[in-house]
Amino acid sequence: MVVLGIESSCDETSVAIYDSVKRDILSSSTFSQADIHSHFGGVIPEVASRNHILKIAPLYERALSQAEIQSKDIDLISVTTHPGLIGALFVGVTFAKGLGYALNIPIVPINHLYAHILAAELSNKELTPPYLALVASGGHTHIFYVDSALSFRLLARSIDDAAGESFDKVAKAMGGGYPGGAFIEGLAKCGDSGAIKFPIAFNNELKFSFSGLKTAVINEIKKGEYSRQDIAASFQKTVAKTLLQKVLLALKEMGANKVVLGGGVVANSELRNIFKESASKEGFELYLPELKFCSDNADMIAYAGYRFYPKREFLSFSEGALDTKAVRQRFYQ
Ligand code: KG4
Ligand code: ZN
């Protein structure tokens, strides 16, 4: 089965093609708008939508030619329908619907967070559910239990800022551009992560909060007692330790032994290391996506389409773009 994946939920327009027989991505084309939004210090939804409109068709053409296939070779379309910026999502979904109608093939609606999790299966071909999964991205910090029927049970979430959002806000306070994760990681490399003890919110409870940490860090920046490097390193360590603490709690609660990580924040090397160390100490199996599958990409969407296809919950061409029963049931949790 050849699956076309389309991602346009935030500021990356991405189109990829997955071949289930080869169990591999045939091609992937992404345009990141990060430089455009960096001038504004964050993503401007209207600007994002307009750039998706400009890029989606050329990226689709490029994905086909790099995969050396034609549109008639596509068996299935898979598109991010939720969560994300509504206007941005609309571009991808509308493109998918037009193409699906023209080619007379089904469209699988994909939850972006689930795709971030399934990205680890692309990088670890032997990996299958059940497993525990943490998504840490710019808008979400969620822990799910994924069972063998590919049902996602939400176990924990942030009550305020997401982990990635806290990186972005702290970076902004330090004069870095958007997105801020790589900027903080760069600073942290030359800092002492033990310099400042920031508390873990909801210590030993299965929920996240990063807003208080962000405020404590910004106060520390204003006080000017520590270098930016030390603040960045201490902040980064606290986020990593927080994510790990909640995952360990969830592992215990579920009696699970496999952990999957996904989302942009999982590109962070401190986070990856802290989880790897804990996996060997605590004896759980850890599955990480390759770096190229951490940030937003259509590879994970195409693969998720293939994985969800057996459920046969397709987007209807005639309903409102995002208003299908399947989408509502699956995504509004
Ligand atoms: O998954 P993603 O690419 O987009 C969303 O679905 O939101 O995640 C983007 C987030 C941003 O907040 C960005 O600052 C963060 O991932 N991020 C990082 C790193 N690279 C990206 N956070 C920490 N360290 C990084 N190296
Ligand atoms: Zn994402």
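**View 1. Crossing of helices H5 and H7.** In this predicted model, the axes of helix H5 (residues 163-173) and helix H7 (residues 211-223) come within 10 Å and cross at roughly 15 degrees, where axes are lines fitted to C-alpha atoms, for helices over the stretch in contact, and angles run from 0 to 180 degrees between N-to-C directions. That angle makes H5 roughly parallel to H7, a term for angles under 35 degrees. Helices (H or I, at least four residues) and strands (E, at least two) are DSSP runs, numbered from the N terminus.

**View 2. Residues between H5 and H7.** Lys169, Val170 and Ala173 of H5 meet Lys214, Val217, Ile218 and Ile221 of H7, contact being heavy atoms within 4.5 Å.

View 3. Five strands form an open sheet in the order S8-S7-S6-S9-S10, with mixed pairing; two strands pair if DSSP finds at least two bridges between them. Strand S8 (152-157) and strand S10 (285-287) are the edge strands, each pairing on one side only. Strand S9 (residues 258-262) pairs with S10 in the parallel sense over 3 bridges, and Val259 has Leu286 in S10 as its bridge partner.

**View 4. Helix H8 across the sheet.** Helix H8 (residues 228-254) lies across strand S6 (131-136), strand S7 (141-146), S8 and S9, and runs at about 155 degrees to S6.

Residues are numbered from 1 along each chain as its sequence is written, and chains are lettered from A and ligands numbered from 1 in the order in which they are written. Local features need pLDDT of at least 70, side-chain atom pairs count only at pLDDT 80 or more, and totals for chains, interfaces and linings use all residues, while side-chain values use heavy atoms, with hydrogens and water left out.

Note on methods: Angles under 35 degrees count as roughly parallel, over 145 as roughly antiparallel, 65 to 115 as roughly perpendicular and the rest as oblique.
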